[in-house]
Amino acid sequence: MAVTIRPPDSADLAALTGFLDGLSTRTRVQRFFAPVRPTPAMVRRACGQAGQGGAAGQAGAAGQADILLATHGGVIIGHAMAADRAAAGESVTEIGVVVADAWQGQGVGSALVRALLRRALARGVTSLSMDVLPDNQQVLAMIAGHWAAARRRRDADCVAIQVELSSARPERVTPARAPLAG
């Protein structure tokens, strides 16, 4: 299984629209907290083209997004974003990852998270943050398996996860089924 992880470019707009449109309602809700349908503005932002300064696919300043795609045979099967922000004297990156329904549970999401982490560490980010719906047990289990020391805070509609990157090296670095490039 050859999966490639790479930044998007403008040629990916149509394929990214198809990827997002092809997600099940359940997957859309778990990623976006609502059953959203991709709009042109959403797709441009997901591709790093809506109001982003600097190069597409690479964060740096607060408010910019680091964006990665997972592809197989040229088809997008996963999308990940990290947005950096300053908080209480540290640099935090908030991440969101979504994987095509047929590819879930095969290590694609974990590979995207590892790639985002490597890039965040290179930017000097000190903390990772993510919000997960309480019923998204697959992702919560993946987080617990990788980062037992992650702080969890239950909000009204989500579980807020915080991981200090000095201790963010996942305990389990290979996916359960097959290794992925990235």
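Visitor: What does contact mean here?
Guide: Contact means heavy atoms within 4.5 Å. The structure above is a predicted model, in which local features need pLDDT of at least 70 and side-chain atom pairs count only at pLDDT 80 or more, whereas totals for chains, interfaces and linings use all residues. Residues are numbered from 1 along each chain as its sequence is written, and side-chain values use heavy atoms, with hydrogens and water left out.

Visitor: What is the average pLDDT of the chain?
Guide: The chain averages a pLDDT of 84, and 83% of the residues score at least 70. pLDDT is the predictor's confidence in each residue, from 0 to 100. Over residues 52-56 the value is below 50, and this stretch makes 10 contacts in the model beyond near neighbours in sequence. Residues 171-182 are also below 50; that stretch has 24 contacts beyond near neighbours in sequence.

Visitor: How many helices and strands are there?
Guide: The chain holds 5 helices and 7 strands. These are DSSP runs numbered from the N terminus: helices are H or I of at least four residues, strands E of at least two. Read from the N terminus, the order of elements is β-α-α-α-β-β-β-α-β-α-β-β.

Visitor: And the sheet, what is the strand order?
Guide: The 7 strands form an open sheet in the order β1-β2-β3-β4-β5-β7-β6, with mixed pairing. β1 (4-6) and β6 (151-154) are the edge strands, each pairing on one side only. From one strand to the next, the twist averages 20°. Two strands pair if DSSP finds at least two bridges between them.

Visitor: Parallel or antiparallel for β2 and β3?
Guide: β2 (residues 65-72) and β3 (residues 75-87) pair in the antiparallel sense, over 8 bridges. The two form a hairpin with 2 residues between them, and G73 in the turn has a positive phi of about 60°. A65 has A83 as its bridge partner in β3. β2 also pairs with β1 in the antiparallel sense, over 3 bridges.

Visitor: Which residue stands opposite L69 in β3?
Guide: That residue is H79. L69 also stands opposite R6. β2 itself is mostly covered, with 7 of its 8 residues buried. Buried means under 20% relative accessible area, exposed over 50%, and partly exposed in between (1.4 Å probe, protein chains only).

Visitor: H79, then: buried or exposed?
Guide: H79 counts as buried because its relative accessibility is 4%. Its side chain reaches the backbone oxygen of A46 at 2.8 Å.

Visitor: Now the helices. Which residues of α1 are buried?
Guide: In helix α1 (residues 13-21) the buried residues are L16, F19 and L20. They fall within an arc of 90° seen down the axis, so they line one face of the helix. The arc is that of the directions from the helix axis to the C-beta atoms. These buried residues pack against α2, α3 (40-46), β2, β3 and β4.

Visitor: What about α2, which residues are buried there?
Guide: T27, R28, Q30 and R31 are buried in α2. They cover an arc of only 165° around the axis, which puts them on the same side of α2. The buried residues of α2 pack against α1, β3 and β4. Just after α2, F33 takes a positive phi of about 65°.

Visitor: Changing topic: where is R154 found?
Guide: R154 is found in strand β6. R154 is exposed because its relative accessible area is 58%. Leaving aside neighbours within four places in sequence, R154 is in contact with P134 and V159. R154 and V132 lie 22 residues apart in sequence and 9.6 Å apart in space, C-alpha to C-alpha.

Visitor: Last one: what share of the whole chain is buried?
Guide: Of its 182 residues, 46% count as buried. Among contacts between residues at least 6 apart in sequence, 59% join residues at least 24 apart.

Notes
Axes are lines fitted to C-alpha atoms, for helices over the stretch in contact, and angles run from 0 to 180 degrees between N-to-C directions. A polar contact is a pair of N or O atoms within 3.5 Å; within protein, one must be able to donate a hydrogen and the other to accept it, and residues adjacent in sequence count only if both atoms are side-chain atoms.
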